[in-house]
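Biologist: I'm new to this structure and would like a close look at a single part. Could you pick one residue, walk me through its surroundings, and then move on to what lies around them?

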Amino acid sequence: MNTVNFISIPGSIVPDQEVLVFGQNRLTYAELNDLVARIATVYKKLGLKQRDVVAVLDTNSHLYVAAYYAAAKAGLTFLPLNYRAKEGELEYMINTAETKLLLVGDRYLDLVKRIHAQLNNVPCIAVGEGDGSMARLSDLVKQADPDEEEAEVEDEDVSVLMYTSGTTSLPKGVMLSFRDFTAYVTANIEMADGTERGTFLVCAPFYHIAGTTAMMTNLWTGRKMVVMPQFDPKTWLDLVVKESVTHAFIVPTMMKQVLDDPNFAKTDFSKMTNLAYGGAAMPIAVIRRAIEAFPKTIGFVNAYGQTETTSSLTILGPDDHRIGGTPAEIEQKLKRLNSIGKPLPDVEIKVRDDDGKFLTHSEVGEIIIRTPRIMKGYAGRKDDSALPDGWRATGDLGWVDEEGYVFFAGRKDDMIIRGGENIAPAEIETVLMSHPAVDEAAVIGVPSVEWGQTIKGYVVLRPGEKADAKDIQEFCRTRLASFKRPEQIEFLDALPKNALGKILRKELHAQNKGDA
């Protein structure tokens with residue numbers, strides 16, 4: 001199935017329904033499909049052929065959404081570029097993808113000019129107002145007639161080429177096929193039929209899988225999609241009220257900023273029914289605070305997934321976020337808040353040890369998954385995580401309890417080995433963040449001649465709170481086994497993170513090279 005059907009089919013049912021909002025731009029299905037058809041014509045007039053790559057370097061917008069669906073309509077591969085990437089990384093992604101056209105937002109025009117000589121003569125088009133140095137998409141669209149054809153694509157054709165963040169090396173190009181997105185959307189999302197589906201506020205960048213799947217699931221199901229160019233807590237709160245937002249997705253760092261914003265207490269959340277979060281581990285203190293602060297009518301959802309699996313694998317639903325009942329029930333609910341939930345219907349999950357043996361309930365090992373929407377592969381390199389019989393190693397550590405809830409214990413690559421003992425940083429970080437003075441924490445292993453590695457904790461204190469290393473270590477002494485206690489504590493003003501809130505441990509490790 002060509003993913004352009006995610007808007008063309010609902011558009012044939014409810015053409016006049018408003019579905020896409022960006023600033024002053026408000027588009028119905030009919031208007032969006034017309035814009036998509038005209039951009040598809042632009043692509044073809046520029047000489048792009050089926051399976052060619054068109055890349056976008058810009059923040060979120062309605063044109064970004066239309067540029068993707070136009071690429072799908074023309075049978076092209078779409079490359080959403082991380083605008084936070086370094087120049088060398090952008091050169092690498094654009095060139096290795098053999099990009100045939102680059103759409104450039106206004107704020108990135110100067111950057112592209114600096115590196116254009118290294119980009120293999122890729123033609124460029126300005127998405128915004130431009131500066132006269134290249135043609136503007138808006139002018140080309142005005143001159144184009146709608147393309148009435150829809151490319152016949154193969155299920156395995158690459159619809160989106162999405163480069164991972166490259167936290168340990170150069171970014172890896174994840175090839176997501178038309179089949180992958182069709183399997184995810186049609187299996188898990190109900191198609192639009194004209195009934196009221198609410199309004200979704202999108203603030204995750206479209207270069208991230210959470211942003212990409214948002215533009216597919218919401219338009220397929222007939223939910224109006226309000227797009228933010230980039231996240232800002234005040235603007236997010238304003239849009240919740242202005243657009244009567246019913247659904248939203250944010251990452252943990254965004255959740256904290258929303259709660260801390262002075263306008264939070266004055267915001268009317270009466271229309272909101274669903275607030276999902278994911279993209280990085282959610283500190284238990286932050287989600288508990290959110291549950292207490294937001295109206296009880298809002299259902300929280302924790303979504304865990306990977307780019308390689310076309311988004312979510314497990315869901316922790318609203319019922320598991322409602323804290324109440326007997327003391328035993330409350331304790332169980334709080335335990336569940338540390339979970340990433342249960343697998344979606346089209347996902348199988350198991351846990352294995354280093355020898356490949358499947359583990360029983362509550363034993364920690366590597367999470368492996370099987371689903372019909374695993375990526376086609378990595379562009380230009382082997383997928384070392386592929387396993388027999390359709391299984392795939394995630395590189396994530398965790399366990400599954402007796403009721404099927406999955407718990408995340410950190411990345412396998414982050415495992416600390418101290419004197420032969422395997423230690424998951426997540427366990428120590430949970431203890432550190434339960435200290436009343438600690439706002440955030442990250443743990444890594446640092447080189448040690450005697451032990452191989454010892455444990456170092458990085459701590460960010462809450463505003464106005466005071467604590468020293470001895471205070472933190474004493475707090476850990478009564479809550480962790482001796483070999484898991486941090487030998488070193490360093491205080492930071494902020495932890496290094498990527499745009500989605502994931503801690504960049506490589507930057508912490510870089511500070512400790514050669515210490516052994």
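Modeller: Let's begin with a cut-off: a residue counts as buried when its relative accessible area is under 20%. Keep in mind that this is a predicted model. Now take Lys484, which sits in the loop between helix H14 (469–477) and strand E25 (488–491). Its relative accessibility is 16%, so Lys484 counts as buried.

What does the side chain of Lys484 make a polar contact with? Its partner is the side chain of Glu427, at 2.9 Å. If you set aside the neighbours within four places in sequence, Lys484 is in contact with Ile423, Glu427, Ile428 and Ile455.

Some of those names lead us to helix H13, which covers residues 425–433. Ile428 turns up again here, as one of the buried residues of H13. As a reminder about helices in general, an α-helix has 3.6 residues a turn, so residues three or four places apart point the same way.

And what covers the buried residues of H13? The cover includes four strands, namely E21 (416–418), E22 (421–423), E23 (438–448) and E24 (452–461). Helices H14 and H15 (505–510) are also part of that cover. To sum up, Lys484 is a buried residue whose side chain makes a polar contact with that of Glu427.

Definitions and conventions:
Residues numbered from 1 in each chain as written. Predicted model: local features only at pLDDT ≥ 70, side-chain atom pairs only at ≥ 80, totals over all residues. Heavy atoms only, no water. Helix = DSSP H or I, 4+ residues; strand = E, 2+ residues; numbered from the N terminus. Buried < 20%, exposed > 50% of the residue type's maximum accessible area, 1.4 Å probe, protein only. Polar contact = N/O pair within 3.5 Å; in protein donor to acceptor, adjacent residues only side chain to side chain. Contact = heavy atoms within 4.5 Å.
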